[in-house]
Structure formats: C-alpha cells, structure tokens
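Hi,

Here is the structure I promised to pass on, with my notes below it. Have a look at it first, then read on.

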Amino acid sequence: MFKVTVFVALMALASVALGYEPQDIYAEPNCAIVSDHNRMFRDISDPTHYWICPEGQEKASYIQCPPNEAFMEAPQRCVAWEQWKWVEPYTK
C-alpha cells in the first residue's frame, strides 16, 4: 500500500512539473488544453446543459439544451428525454 501511495504522489508531482492538467469531467473544461473546439463536454450534475470551448476563448460557454431535451456525449447533441440514457462517466 505504501508503494502505491508513493507512486501516486510522484505521478502527481510529475504532472504538475510538466504542466499537464487533466480535464475534470465534473466541472467546466479547461479551455487552455482543449484542442477540439467543436467538442461538447457533458455536465454530470445537470444533463440539460453542456460545456463548449469556442476557439480563442479562455472560458467555456455553458449551453442549455432546448426544452424537453438532455445532452448525450456520444452523439454530441441534445436528444429528447425519451432517447436520453445515463452513461457512466469515464475517469481521468
């Protein structure tokens, strides 16, 4: 267990030292590291919204789906609630 803890701590320090900042899937994306400005990021806590990083903007835009629709990440669009399915979020 101690070896695992030390390894994780060293990896975290190396990530910071190299300037790597992983995306947090539960919050606003860091637009500084987003390369695909057409990609939409789901909001885990509210499926009626999603994030997008327009090119040239440092801050993500928080977009609301049309009424009676929810965002699905796989098709990258808002769908009717009847079509929406919960998908387990991936981890960093």
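How many bridges join S4 to S5, and do the two run parallel or antiparallel? Four bridges join S4 to S5, and the pair is antiparallel; strands pair if DSSP finds at least two bridges between them.

Before the rest, a word on provenance. This is a predicted model, in which local features need pLDDT of at least 70 and side-chain atom pairs count only at pLDDT 80 or more, while totals for chains, interfaces and linings use all residues. Residues are numbered from 1 along each chain as its sequence is written, and side-chain values use heavy atoms, with hydrogens and water left out.

The protein chain has one helix and five strands, in the order α-β-β-β-β-β from the N terminus. Helices (H or I, at least four residues) and strands (E, at least two) are DSSP runs, numbered from the N terminus. Of the 92 residues, 25% are buried, where buried means under 20% relative accessible area, exposed over 50% and partly exposed in between (1.4 Å probe, protein chains only). The accessible surface is about 6,900 Å², with 61% belonging to carbon and sulfur atoms; areas come from the Shrake-Rupley method with a 1.4 Å probe, and for residues only the protein chains shown count as cover.

Back to the hairpin of S4 and S5: it has four residues between the strands. Met72 stands opposite Arg77 in S5. Gln76, in the loop between S4 and strand S5 (77-80), has a positive phi of about 60° although it is not a glycine. Gln76 is partly exposed, at 23% relative accessible area.

Asn68 also has a positive phi, near 65°, in a residue other than glycine. Asn68 lies in the loop between strand S3 (61-64) and strand S4 (69-72), and counts as exposed because its relative accessibility is 62%.

The largest pocket has a volume of about 200 Å³. Of its 15 lining residues, Arg42, Phe71, Met72, Glu73 and Val87 are the closest to its centre. The lining divides into nine nonpolar (Ala, Val, Leu, Ile, Met, Phe, Trp, Tyr, Cys and Pro), one polar (the others, Gly among them) and five charged (Asp, Glu, Lys and Arg) residues.

For your own checks, a pocket is an open set of points on a 1 Å grid over the protein atoms alone, where a 1.4 Å probe fits, with protein on both sides within 12 Å along at least five of seven lines; lining residues have an atom within 4 Å of a point. Grid points are joined across faces, edges and corners, and the volume is the space filled by probe spheres set on the points.

Best wishes
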